[in-house]
Amino acid sequence: MEKRKTFDTYEFGDRKFILTKFDPLLGNYILMQVMSYVMPFGISGVFSNQVGMENMPTAKMSKNDFIELQKDILSGVYEQLPGNRAPILNDNGSYGINDVSMKLIVELLLAELVFNFQDFFEDGELKDTLGKALSFNPPTTPQ
């Protein structure tokens with residue numbers, strides 16, 4: 001049996017970054033946030049239709065929620081420096097590295113998401129999981 005990979009590296013120009021696996025509970029939260037809000041059309045509409053709430057308003061992520069989601073995703077990403085590693089974000093929310101750009105942050109967000117969820121999307125696991133969840137018919141209450 002192959003050992004679970006808990007970290008990987010990602011290169012951006014001449015810089016090297018360390019990607020780490022999410023805690024399972026944080027990973028589940030991030031996955032649902034990404035699927036509900038970030039992916040086109042989200043899955044919240046599909047769930048609403050499945051349980052008979054087609055006219056339920058679609059939730060929108062606030063600016064603060066989106067910033068917090070990005071912080072959660074980047075919480076396990078570090079830049080490899082000579083002799084040590086620096087967190088992308090410090091515990092107080094400030095940047096822990098120099099030369100931060102929007103392009104760097106977007107690339108690190110995507111790299112961390114791919115690293116954490118690539119096995120979930122392989123071999124139809126997501127399709128199977130969603131298929132089971134969406135085929136569930138809640139019991140109706142007696143009239």
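Over the face of which residue does Arg-85 lie? In this predicted model, Arg-85 is placed over the face of Tyr-78, at 3.9 Å from the ring centre. The protein chain that holds these residues has five helices and four strands, and, when followed along the sequence, their order is β-β-α-α-α-β-β-α-α. The points below move from the chain as a whole to its nonpolar core, and then to its aromatic rings.

**The chain as a whole**

- Of the 143 residues in the protein chain, 29% are buried.

**The nonpolar core**

- In soluble globular proteins, nonpolar side chains tend to be buried together.
- The largest nonpolar core in this model has 24 residues, and those with the most contacts inside it are Phe-17, Ile-30, Ile-73, Leu-74, Ile-88 and Leu-108.
- At least two residues of this core come from each of strand 2 (15-20), helix 1 (24-38), helix 3 (63-74) and helix 4 (102-121), and helix 4 gives the largest share, with eight residues.
- Ile-73, which is one of the core residues with the most contacts, touches Phe-22, Ile-30, Leu-109, Glu-112 and Leu-113, when residues up to four places away in sequence are not counted.

**The aromatic pair**

- A search of the whole structure finds one aromatic pair, and this pair is formed by Phe-22 and Phe-117, whose rings are 5.8 Å apart from centre to centre and tilted, with 45 degrees between the planes.
- Because Phe-22 lies in the loop between strand 2 and helix 1, while Phe-117 lies in helix 4, the pair ties together parts that are 95 residues apart in sequence.
- Phe-22 is buried, with a relative accessible area of 8%, and Phe-117 is buried as well, with a relative accessible area of 11%.
- Phe-22 is also one of the residues that Ile-73 touches.

**Charged side chains over rings**

- Lys-21 lies over the face of Phe-115, at 4.5 Å from the ring centre.

Notes:
Residues numbered from 1 in each chain as written. Predicted model: local features only at pLDDT ≥ 70, side-chain atom pairs only at ≥ 80, totals over all residues. Heavy atoms only, no water. Core = buried A, V, L, I, M, F, W, Y, C linked by side-chain atoms within 4.5 Å. Buried < 20%, exposed > 50% of the residue type's maximum accessible area, 1.4 Å probe, protein only. Contact = heavy atoms within 4.5 Å. Phe/Tyr/Trp six-rings, centres within 6.5 Å; stacked < 30°, edge-to-face > 60°. Lys NZ or Arg CZ within 6 Å of the ring centre and 35° of its normal.
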